[in-house]
Amino acid sequence: MIKENIKKWHDLIKGDYPGGFDELLDDEVSFYSPIVFSPQKGKELTTLYLMAAGNTFGGDQSKDGTLEESSFKYTKEVLGGNQAVLEFETQIDGKYVNGVDIITFNDEGKIIEFKVMIRPLQAVNIIHEKMQDMLKQLK
C-alpha cells in the first residue's frame, strides 16, 4: 500500500493528482518544519507550508528573475509499513540543500504526518529566510 500512496505524492508534486492537497492530506495532518519549533496542525496550515516549500525548493532563479528548471529531485526512497523516507537535493541561491521528507499515511491512504529535515546549516538558514518570505506572500 505504501508504494501506491507515495506514487500519489509524486503525482501531486508533478501536478498530476486530481484533488491536490485537499484530497491527499488528512484533516488532522501534522506538519513538522525544520524551521518552526511546534508542529503545524490541520490540512489548511499543512497545505500552506507545503505550497510555500514547493515554491521555495523549486530551484534557483535565472539572472532575469525567471525560475529556471527545478533543481529539486528525490534521490532515495525507503518505504515500509505506512511510512516513507524520501531524500532530496536542490540548489537555492547557489547553496546545496539536502534533506528528507518523512511521510506517514493512515489506512485510508491520506497523509497524517509530514516531517522535513534539512542539512547543512547554510541550507537551513537559506530555507528559513525564503520560507518566511514565501509564507508572507501566500497568507
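What follows is a conversation about a predicted model of a protein.

Biologist: What is the secondary structure of the protein, and which pattern does the protein follow along the sequence?
Modeller: The secondary structure comes to 4 helices and 6 strands. Read along the sequence, the pattern is α-α-β-β-α-β-β-β-β-α.

Biologist: How do you know that the span of helix H3 agrees with its number of residues?
Modeller: Helix H3 covers residues 43-56, which is 14 residues. The expected span is 1.5 Å times one less than the number of residues. That gives 20 Å for H3, and its end C-alpha atoms are 20 Å apart, so the two values agree.

Biologist: Why is Thr47 called buried?
Modeller: Buried means under 20% relative accessible area. Thr47 has 16% relative accessibility, so Thr47 counts as buried. Thr47 has its place in helix H3. Other buried residues of H3 include Lys43, Thr46, Leu48 and Tyr49.

Biologist: What is Thr47 in contact with, leaving aside its neighbours within four places in sequence?
Modeller: Thr47 is then in contact with Phe21 and Leu25. Contact means heavy atoms within 4.5 Å.

Biologist: Why does Asn5 count as buried?
Modeller: The relative accessibility of Asn5 is 3%. The cut-off for buried is under 20%, so Asn5 counts as buried. Asn5 has its place in helix H1. Beyond its neighbours within four places in sequence, Asn5 is in contact with Phe105 and Gly109. The C-alpha atoms of Asn5 and Ile103 are separated by 9.9 Å, and these residues are 98 residues apart along the chain.

Biologist: What makes Ile112 partly exposed?
Modeller: Partly exposed is the range between under 20% for buried and over 50% for exposed. Ile112 has a relative accessible area of 32%, so Ile112 is partly exposed. Ile112 is found in strand S6.

Biologist: Which residues is Ile112 in contact with, leaving aside its neighbours within four places in sequence?
Modeller: Among them are Asp26, Glu28, Val29 and Ser30, and also Thr104 and Phe105. As for Phe31, its C-alpha atom is separated from that of Ile112 by 8.5 Å, and the two are 81 residues apart along the chain.

Biologist: How many residues of the protein count as buried, as a percentage?
Modeller: Of the 139 residues, 42% count as buried.

Biologist: Which residues have the most contacts inside the largest nonpolar core?
Modeller: That core has 34 residues, and those with the most contacts inside it are Ile6, Trp9, Ile103, Ile111, Phe114 and Ile118. The elements that give two or more residues to this core include H1, helix H2, strand S1 and H3. The largest share, 6 residues, comes from H4. As for Ile103, its contacts beyond four places in sequence include Ile6, Trp9, Ile111 and Phe114.

Biologist: How do you know that there is empty space left?
Modeller: Rolling a probe the size of a water molecule over the atoms shows where empty space is left. In this model, about 450 Å³ of space lies in the largest pocket.

Biologist: What lines the largest pocket?
Modeller: The lining has 26 residues, of which Trp9, Ile13, Leu50, Ala53 and Gly54 lie nearest the centre. H3 gives the largest share of the lining, 5 residues. The lining divides into 19 nonpolar, 5 polar and 2 charged residues.

Note on methods. Residues are numbered from 1 along each chain as its sequence is written. This is a predicted model: local features need pLDDT of at least 70, side-chain atom pairs count only at pLDDT 80 or more; totals for chains, interfaces and linings use all residues. Side-chain values use heavy atoms; hydrogens and water are left out. Buried means under 20% relative accessible area, exposed over 50%, partly exposed in between (1.4 Å probe, protein chains only). On a 1 Å grid over the protein atoms alone, a cavity is a set of points where a 1.4 Å probe fits but cannot get out, and a pocket is an open set with protein on both sides within 12 Å along at least five of seven lines; lining residues have an atom within 4 Å of a point. Grid points are joined across faces, edges and corners, and a volume is the space filled by probe spheres set on the points. Ala, Val, Leu, Ile, Met, Phe, Trp, Tyr, Cys and Pro count as nonpolar, Asp, Glu, Lys and Arg as charged, and the others, Gly among them, as polar. A nonpolar core is a set of buried Ala, Val, Leu, Ile, Met, Phe, Trp, Tyr and Cys residues joined through side-chain atoms within 4.5 Å.
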